[in-house]
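This report covers the overall build of one protein and one of its pockets. The sequence and model come first.

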Amino acid sequence: MEAKTQDNSTYLLKIRNIVLDDYERIVEVMHKSYPTMRDDLWEKKNIKKLLDIFPEGQICVEDNGVLVAFALSIIVDYKKFSDNHTYDQIIGGKAASFKTHDDEGDVLYGIDVCVDTDYRGLRLGRRLYDARKELCENLNLKSIIAGGRMPNYHKHSEELTPRQYIQKVRDKEIYDPVLYFQMSNDFHVKKVLKRYLPDDKESAQNAVLIEWNNIYYQDSIDIGSGRSHARIGVVQWQLRAVRNLESFFDNVEFFVDAVSGYKADFVLFPELFNAPLMAEFNEDNAATAIRNLAGYTDQIRDKMLQFALEYNINIIAGSMPVYEDDKLYNVAYLLRRDGTWEVQPKIHVTPAERSDWGMTGGNKIKAFDTDAGKIGILICYDAEFPELSRILADQGMQILFVPFATDMQNGYLRVRLCSQARAIENECYVAISGSVGNLPKVVNMDIQFGQSAVFSPSDFAFPSNATVAEGTPNTENTIICDVDLNDLKHLNMHGSVRNLNDRRKDLYEVKLKK
């Protein structure tokens, strides 16, 4: 059956696995594509062997039932070859025994890709590469590796080394159809291979060792331990008068119970959510009142840690004042459901916090491991300083929690807009939680404006407005939403823009001094 020309009928393209009956068309396609390499065509026994040992790795594109492009691959235990090998070593000698194929190997090795010359321009090679990537992910292999030809190198070999040629192709100063295609499909060059294909005169016997890394790969000892999704609960907290500490705990437990009932992994409370307890110190000045409030912090932390255990949920306990060594800090607690806990102080205090309360900024910033992803916590004003979240992103943060307390809409919008920026520039999710309502007789905490939300990066895998969920403004409610952590990995490698990877580290850097 003959392949049609591009103008004599309608295309009907389909990706499928190769069968042995495709052999004659494979030979025809190779004859047209490799006119100078006619002695190196696959024999029928070679294709049969590949179909016997690894049928899912042999892929083709058909048009109206006729094979028009194909890709062949095997699985290898790459440590047996390392980065110095020849093509014959990979395929098992000139006879192509494919004894190198190993079902327990860790790398999908591409041994051929070929497209009928009548079909060039339809990007069938891209379809084949995408199918290989999907296969690599499904088989949980580390990467795809291949030796790529440089068919235009012979035109420049007298004045350029292979390394210089590759750089000029990368910089778009020279066009090489094979190398350009591979780089456009997210493959990177590992090294130059000498005498990889001794008969390849166009490449001057050189090849580039190319690699595509599977970002979803998990080592066998870790399979099952990673989380692909996390469920976030956010409390939009009504500041209300409470009779005593037990009454306050009743309010807290209500929300922990409600959010955990939806099997959430996290629940986030706002900044200074324990402010209602400050009412009993109303006759004191503001600085004395908040220091007295700090006397409850350890007790509240311990009680909420008990809630984390009882309700099987990780709690970010907003923030509370801590008074130690004659200094007042604003501190957030991560209370894990396994009984462990962490502390994150507020680094930057606002002018009002400094002048009215005498508050001091902390000096510790770090990302925390949890059973549902790596998280960071920045309290309110801290979210307006991009350096902090960038440090957390470099430590692997996937979700940033921002408890806040703002009295007016302009203050709220600063926190919201900056948090949205943090999500985009750090390729992470950001959850913000604030208080709402009025709290008479509590200086500095008497009125609140808030709308809690969960933000995402801005790309195809995420909501079009980069907002996963948001609460009703200035009304007590909760948000429950799921976030896909794998989408963050894909964004990092394949996003429309790649804010973390594209940083000019040769020009600038952000790092902790301590």
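A residue counts as buried when its relative accessible area is under 20%. By that cut-off, buried residues make up 51% of the 514 residues in the protein.

The model is predicted. Its pLDDT averages 90, and 96% of the residues score at least 70. Residues 221-225 fall below 50. That stretch has three contacts in the model beyond near neighbours in sequence.

**Overall build**

The protein has 13 helices and 21 strands. Its radius of gyration is 30 Å, well over the 24 Å that the globule rule gives for 514 residues, so the protein is more spread out than a compact globule. Along the principal axes, the C-alpha atoms fill a box of roughly 95 × 50 × 45 Å. Among contacts with a separation of 6 or more, 70% join residues 24 or more positions apart.

**The second largest pocket**

How much space lies in the second largest pocket? About 480 Å³. The pocket is lined by 24 residues. Closest to its centre are Thr350, Ala352, Ala405, Thr406 and Asp407.

Helix H10 (351-357), helix H12 (409-426) and strand S18 (447-448) each supply at least two lining residues. H10 gives the largest share, five residues. The lining of this pocket divides by residue class as follows.

| Class in the lining of the second largest pocket | Count |
|---|---|
| Nonpolar | 10 residues |
| Polar | six residues |

Methods
Residues numbered from 1 in each chain as written. Predicted model: local features only at pLDDT ≥ 70, side-chain atom pairs only at ≥ 80, totals over all residues. Heavy atoms only, no water. 1 Å grid on protein atoms, 1.4 Å probe; cavity = no way out; pocket = protein on both sides within 12 Å on 5 of 7 lines; lining within 4 Å. Points joined across faces, edges and corners; volume = space filled by probe spheres on them. Helix = DSSP H or I, 4+ residues; strand = E, 2+ residues; numbered from the N terminus. Nonpolar A, V, L, I, M, F, W, Y, C, P; charged D, E, K, R; others polar. pLDDT = per-residue confidence, 0-100. Contact = heavy atoms within 4.5 Å. Rg over C-alpha atoms; globule rule 2.2 N^0.38 Å. Buried < 20%, exposed > 50% of the residue type's maximum accessible area, 1.4 Å probe, protein only.
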